[in-house]
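Hello,

Here is the structure you asked to look at. My notes on it come after the model.

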Amino acid sequence: MNRILFTLLISAFLLPLGCNGQKRPDGMPKLMPCAITIQQDGAPVSDATILLTAKNGDCPWVVSGTTDTTGTAKIQTHSLYNGAPAGVFTVTVEKTESTAEKSDVEKLTKPYEVYSLVAKEYTDKTTSPLELTIEKKAVTQTFDLGPACRILLMKINPNEF
């Protein structure tokens with residue numbers, strides 16, 4: 001009997017914390033499972049950052065994810081809670097690469113360049129044509145961003161500082 005009571009007490013304490021051990025913030029709505037796949041010309045885009053911004057502007061929660069090697073991101077809210085709240089969202093995608101070796105950036109000794117690997121229109125919430133509606137059910141969506149690209153964002157020369 002004591003073992004059953006102990007198990008019930010522990011369960012009652014841990015249940016509100018969820019699977020990741022974090023108590024959800026007050027006012028956070030129910031989150032729907034959401035997976036987004038990003039492609040360029042049908043090929044998966046890995047290590048891209050996806051951000052969902054509510055079209056009506058009334059979502060105070062950060063809703064985002066990072067794509068894996070298959071181009072798929074499991075969307076989270078505040079990087080802790082699996083899923084996304086219901087709503088209509090503009091989807092933006094960012095992926096960059098640098099010509100610098102990690103040691104060069106840390107030492108700030110050699111010039112390097114930073115490139116966007118996603119067309120500019122998809123990186124800005126005011127220009128992205130990507131839209132996602134999340135209702136009271138799981139969502140799986142694939143977006144193809146067209147041809148692969150490499151756009152120079154900036155040149156960094158540490159010797160000029």
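Predicted model: local features only at pLDDT ≥ 70, side-chain atom pairs only at ≥ 80, totals over all residues.

Overall picture. The chain has 161 residues, and 32% of them are buried. Its secondary structure consists of 2 helices and 15 strands. Of the contacts between residues at least 6 apart in sequence, 66% join residues at least 24 apart. The accessible surface is about 10,400 Å², with carbon and sulfur atoms contributing 56% of that area.

Strand 2. Strands 2 and 3 make a hairpin with 2 residues between them. Asp41, in the turn, has a positive phi of about 50°.

Tyr122. This residue is in the loop between strand 12 (112-116) and strand 13 (131-134). Is Tyr122 buried or exposed? Its relative accessibility is 10%, so Tyr122 counts as buried, the cut-off being under 20%. Leaving aside residues up to four places away in sequence, Tyr122 touches Val91, Thr92, Val93, Ser128, Pro129, Leu130, Asp144 and Leu145. For one of these, Thr92, the C-alpha atom lies 5.3 Å from that of Tyr122, although the two residues are 30 apart along the chain.

Cysteines. A search of the whole structure gives 0 disulfides. Cys34 has a relative accessible area of 6% and is therefore buried. Cys149, at 23%, counts as partly exposed.

Charged pairs. Side chains of opposite charge can pair when their charged atoms come close. How many salt bridges does a search of the whole structure find? It finds 2 salt bridges.

One of them joins Lys55 and Glu131, with the closest N and O atoms 3.2 Å apart. This pair links distant parts of the chain: Lys55 is in the loop between strand 4 (49-54) and strand 5 (63-66), while Glu131 is in strand 13, 76 residues apart. Lys55 is partly exposed at 48% relative accessible area, and Glu131 is partly exposed at 42%.

Glu97 and Arg150 also form a salt bridge, and their closest N and O atoms are 2.5 Å apart. Distant parts of the chain are linked here too, with Glu97 in strand 11 (residues 96-98) and Arg150 in the loop between strand 14 and strand 15 (151-156), 53 residues apart. Glu97 has a relative accessible area of 31% and is partly exposed. Arg150, at 46% relative accessibility, also counts as partly exposed.

Regards

Technical notes: Residues numbered from 1 in each chain as written. Heavy atoms only, no water. Helix = DSSP H or I, 4+ residues; strand = E, 2+ residues; numbered from the N terminus. Buried < 20%, exposed > 50% of the residue type's maximum accessible area, 1.4 Å probe, protein only. Contact = heavy atoms within 4.5 Å. Pairing = 2+ DSSP bridges. Areas by Shrake-Rupley, 256 points an atom, 1.4 Å probe, with all protein chains shown as cover. Disulfide = S-S within 2.5 Å. Salt bridge = Lys/Arg side-chain N within 4 Å of Asp/Glu carboxyl O.
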